[in-house]
Amino acid sequence: MIDEQGPARPRAVTRRQAVGALGLAASAAAAAGAATTAAAQPTRGPASLLYPHESRTRATRDLSGLWSFQLDPKNEGEAGRWFERGLPAPRKIPVPCSWNDLFDDALNYFGTAWYETEFHLDPAWRGRRVAVRFGSAVYHARVWLNGVYLGEHLGGHLPFAFDVTGLAHDGAPNRLVVAVENELRVDRVPSSPDPKAGHFAFLEEPNTAYDFFPYCGLHRPVLLCAAPDTHLQDVTVTTGLSGNRGEVAVEFQVSGAWSGPATLTLTGGPKPVTVTAAVKAGAGVARMVVPDVRAWSPDDPFLYRLTVRLGPEGAPVDEYTLKIGVRTIAVRGSEILLNGKPVFLKGFGKHEDGAIRGKALDLPMLVRDFELLKWLGANSFRTSHYPYAEEALMLADEYGLMVIAETPGVSLIFSDPPEVIEARYKQLEMALGELIRRDRNHPCVILWSLANEPIAKPFHTADPEPPGAVETGRKFFANLFARARSLDRTRPVALVSVQGGPAEWVGQGDVICQNSYNGWYAVSGRLGDAAVALEQEVTALRARHGDKPVIYTEFGADAVAGMHSQPPAMWTEDYQADIIETYWQVLRKHPYVVGTHPWAFADFRTGQSTMRVGALNQKGVFTRDRRPKLAAHRLRSLWRST
Ligand code: BDP
């Protein structure tokens, strides 16, 4: 089992591991019992996971569009060599998109589906290193190019890439085939109940232990990326402030153990800042000082452009530019300090969710959501309950929204069998590493959330928790916290608990994040009693966790848009607005509460059950198509007046 000293202990990530998904993903696949492929071992190496911004030396081509698609309910595709011969009876599917809401026969299909497309290489890319990069495939992806197996990736929401240099034909069509499988399994994160084992099920159809609909498919763009043979593989930026001076430290890695000169430039401020660094055996470090810095904050989300150039200006070996914000984040006593000043988080837990496209990237909706957050006077959100698209983080940097970035660690139940917990741990540790590596350069990310609502035993049973369940969870999270802190020393880490959660788990966090449903799942329908219960709860949190800051990461009530009553009754807009205001009034009296995030920003698709009207969670303060409910107006007046 998980042993703090044993083999599952967090390992230091080596540089090689830090830049490639393939080796890590393959071992996670084995750990979580993914179907191993008959197509033998992966033939291609992993490619850099740096977001492929274009530059003088780099180009990107988006393969989004209509692909061929076929469900494979009998798992015939691999034996039938569909990756080589093509799909026998395809229909068209847009990429990116979830498959579930497009085709009636695919709504509740959670097996393997095949995707296929063709592309030509740009002749201008001759001699360059070419990679194919997937933003997210839910859940287990296996990839072939021209019939050759490239490798696999386990876990949705995070990017993976394969180097296809030399394998992609120049001057002839290339066939890219992906098999995506999304079995709802107990040993994955998020986990689904095993019906045979009588596990807790939250929703009936489909059978999941969480309420968001388990949409599947290629959810984010698939990109072809061209870079020079010698190229930057990874860049890590950390920033500091000292008076009105900014400090920017940059660590970077270059392929092929390259050595030579690098130049780093920071532009956007009144004067560019330039430093040089000597790269030795593929590793470089630089420090930059920014006089009269404009620190990043929600009030002034100022971004600089950092360019790392290898080789001379006139003939760069490679050049990469990313936007960065100079800011600090820290926890001191009961406060969260951004740039040394206390912040109070106003915002929401959200979902990536929309009609028809499901969980696929939707840029118009993303922009609209951030506009609505600003309209409300919000300054933050949580990427509940999985990593969101990279574009969401880039946009949050621009809008000045502070982000609690969450792993897919949902529905972790510690009364489950040890081998199941072990498999989930491995998958979660992998996802955490990939998440931190992907998002650590974003100023908007101020807190890592390791999990949402882990529990020692299922909610529905009155039985006591099995002996050892809390201790197993304690070790599980001790390892995960250590892992997060070793990968990022600059940000606080927390886990999100439900109605208190075992103190041994939650207390390991730098911040106490609490989900709480007084007035809805507890003391249902009794607003006055809910306020009393909340007051007791928040006071008890203080007693239990000393002076750590507390964020209320979820509270609220379902409201069917258009339903009203006086006195306010459950399911009406009036009741929802009153519950949210009650939480606000009670929590604001406690200075150690440094944030309130009502659940949720917008209604979202769930499975079907007696708990969810119209297969929607209607705790949104906006409807699924972003019409404000009464609670949105109430929050706007509360938030804009503080
Ligand atoms: C919380 C979960 C969230 C659910 C919410 C609810 O964290 O994912 O959607 O309950 O039931 O416990 O509305």
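Reader: How far does a polar side-chain atom of Arg612 lie from an oxygen atom of the ligand?
Author: The model is predicted. In this model, a polar atom in the side chain of Arg612 faces a ligand oxygen atom at a distance of 2.9 Å.

Reader: How many charged residues are in the shell around the ligand?
Author: The ligand is surrounded by 13 residues, and His385, Asn452, Glu453, Tyr521 and Lys619 are the closest. By class, the shell has 4 nonpolar and 4 polar residues, and its charged residues number 5.

Reader: At roughly what angle do the axes of helix α4 and helix α5 cross?
Author: Helix α4 covers residues 363–376 and helix α5 covers residues 390–399. The crossing of α4 with α5 is right-handed. The two axes come within 11 Å, and their crossing angle is roughly 35°.

Reader: How many nonpolar residues are in the contact of α4 with α5?
Author: On the α4 side, the residues that meet α5 include Leu366, Val367 and Phe370. On the α5 side, Ala392, Leu395 and Tyr399 are among them. The contact has 3 charged residues and no polar ones, and its nonpolar residues number 8.

Reader: Which residue does a cis peptide bond join to Val138?
Author: Most peptide bonds are trans. Another cis bond in this model runs from Gln566 to Pro567, with omega near 0°, and Pro567 is in the loop between β29 and α10. For Val138, omega is about 15° and the partner is Tyr139.

Reader: What is phi of His157 near?
Author: Most residues other than glycine have a negative phi. His157, in the loop between β8 and β9, has a positive phi, near 75°.

Methods: Residues numbered from 1 in each chain as written. Predicted model: local features only at pLDDT ≥ 70, side-chain atom pairs only at ≥ 80, totals over all residues. Heavy atoms only, no water. Near = heavy atom within 4 Å. Polar contact = N/O pair within 3.5 Å; in protein donor to acceptor, adjacent residues only side chain to side chain. Nonpolar A, V, L, I, M, F, W, Y, C, P; charged D, E, K, R; others polar. Axes fitted to C-alpha atoms, helices over the stretch in contact; angles between N-to-C directions. Helix = DSSP H or I, 4+ residues; strand = E, 2+ residues; numbered from the N terminus. Left-handed = near helix turned anticlockwise from the far one by under 90°. Contact = heavy atoms within 4.5 Å.
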